[in-house]
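Me: I would like to learn how to read this structure one feature at a time. Could you walk me through it?

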Amino acid sequence: MIDGGIVIVGAGEAGTRAAISLRQRSWTGPITLIGLEDLPPYERPPLSKQALSGAADPVPKAVATAGALAADNITYLPGMTVAGIDRIGHTVTLLPTQQDIRYERLLLATGASARQLTTECYSGVDIHYLRSYADALKLRAKLRQGAQLLIVGGGFIGLEIAASARMVGANVTVVEVTPRILGRGVPQNLATLIRQHHVQQGVHILEGTGVTRFEAAGNRTRAHLSNGDSVDCDVIVAGVGAVPNVALAESAELLTENGIRVDALLRTDDPDIFAAGDCCSFPHVLCGGRRIRLEAWRSAQAQGQHAAASLLGATAEYCVVPSFWSDQYERTLLICGFVTEPHSIIVERNLTDDAHLQFHLAGDGRLLGASAFGRNEVLARDIRIAELLIERGVSPGADRLADPAVKLKSLLRAD
Amino acid sequence: MKVAKWIDACGADDIEVEDVLRFDHAGRTFAVFRSPDERFYATDGLCTHEQVHLADGLVMDHIIECPKHNGRFNYTTGAATGAPVCINLKTYPTRVDNGRVLIDVGTE
């Protein structure tokens, strides 16, 4: 039997970062990184943006090249799935090779999958989802000037695809079945700004609207909508959320709760098995220990690194401030911390340049979150400083946050 | 042979302490830093990960953090110190003359 040492299931951002981090932390034993896809580990954020709208055919951007993994003496096994975990025997079984690998400790970084549209009206319809490089290539091939796109779902993925499609001259209709786009996790006033920007760019956004049925219409597919309209489309894309990949954990009888259930060390209920990234839910100290699950590149990266420390016996709790961005056209939506907490107060900072930046304060004045929409170069630094203020539990004062003459960085020193 | 080529980048007081300024010259872009201990440093202006202007990022002590993906460099040495960056940043000699910051962009 192969001794895998620390075995990592999933070679996305979290799994790969964990592998690299284990070496940086001087783990000298074997590291085995098991990936579902045939490619070296690659970054997913460009898939909904440059990979769709760029002039040149996209090349996957490596998280770590095959050479870099080899140099770190990380055994990378691409194109493999794990059929099961034997927790007593400390082994995992690979498919298709049926090979057993012994683990000392195991990290599950199995990610999430695009939620599938399963209602009857979608059966038999060719629907694109976007999660992998292969998905991006398939969609890219369909995006051209004048093509009519129907995007089901007004979340991050749907809106990023809408922006990319407009950039190549396709016509875009977005239908969102709930009352507003970005209903999960984005403050209403920012969602309104983003909506306006898309409408200015020529996207048709229909909120509170779903598809009731499809029918063939020559070379196209006619989508009948719940508002009585219909759209004849060339391409149908769904961006209706992601579901954590928990089947392997469940088959091993590990606890799950909206993802693989881990503690603040990112450890499952088996002390030798950990989980990180989109697949896991964990308690976050900055929102009162509430259990959350994140689907964001930076969280995946930070959790991979944190899990590496925990795998080696560190006992620090994961308390990184959640943070993510979404590029749409030349603008970026940035969010850090917790921006939809009940009873929080929103304080806007008066900026120019079409940039909107606001802070979210708890009743006691503590900074909980910040959210922004505009050009990244105008906003990114302030959002980063907000992260640091949140991490340090600072109560900066609404008046100072609102006043653009007060440098945010000075608030870091004030406490 | 490498020959020094000193270029006037900015006034010393144009950069705040523990901050950074973008400087473009002859089709190239640089980042000029003023450290907490009042020294000046210069590096290439774009992150080695995805070609983002570092001067829009946050300077903390001797670290510049990229404003897009939060990769980190020690701007005094150019060393990549935080994921996702893994390629070091090129650095350039600096000196201060009559309140002006000069950087040696070099010529081959």
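**Reading helix H1(A)**

Reply: Let us begin with burial, where a residue is buried if 20 or more other C-beta atoms, placed from the backbone, lie within 10 Å of its own. In H1(A), the buried residues are Glu13(A), Ala14(A), Gly15(A), Thr16(A), Arg17(A), Ala18(A), Ala19(A), Ile20(A), Ser21(A) and Leu22(A). That makes 10 of the 12 residues of H1(A) buried, so the helix is mostly covered. A word on the source: this is a predicted model, in which local features need pLDDT of at least 70, side-chain atom pairs count only at pLDDT 80 or more, and totals for chains, interfaces and linings use all residues. Residues are numbered from 1 along each chain as its sequence is written, while chains are lettered from A and ligands numbered from 1 in the order in which they are written.

Me: What covers the buried residues of H1(A)?

Reply: Contact here means C-beta atoms, placed from the backbone, within 7 Å; helices (H or I, at least four residues) and strands (E, at least two) are DSSP runs numbered from the N terminus. The cover includes strands E1 (2-9), E2 (31-34), E3 (74-77) and E6 (100-108), along with H8, of chain A.

Me: Which residues does the contact between chains A and B draw on, by number and class?

Reply: Each chain gives nine residues, nine from chain A and nine from chain B. On the chain A side, helices H8 (297-311) and H9 (376-391) each supply at least two residues, and H9(A) has the largest share with six. By class, that side has two nonpolar (Ala, Val, Leu, Ile, Met, Phe, Trp, Tyr, Cys, Pro), five charged (Asp, Glu, Lys, Arg) and two polar residues (the others, Gly among them).

Me: In what order do the strands of the open sheet in chain B run?

Reply: Strands pair if DSSP finds at least two bridges between them. Here three strands form an antiparallel open sheet in the order E1-E11-E10. E1 (6-11) and E10 (94-97) of chain B stand at the edges with a single partner strand each, so one side of each lacks a neighbour in the sheet. Five bridges join E1(B) to E11(B) (residues 100-104), and Trp6(B) has Asp104(B) as its bridge partner.

Conventions. Two residues are in contact if their C-beta atoms, placed from the backbone, lie within 7 Å.
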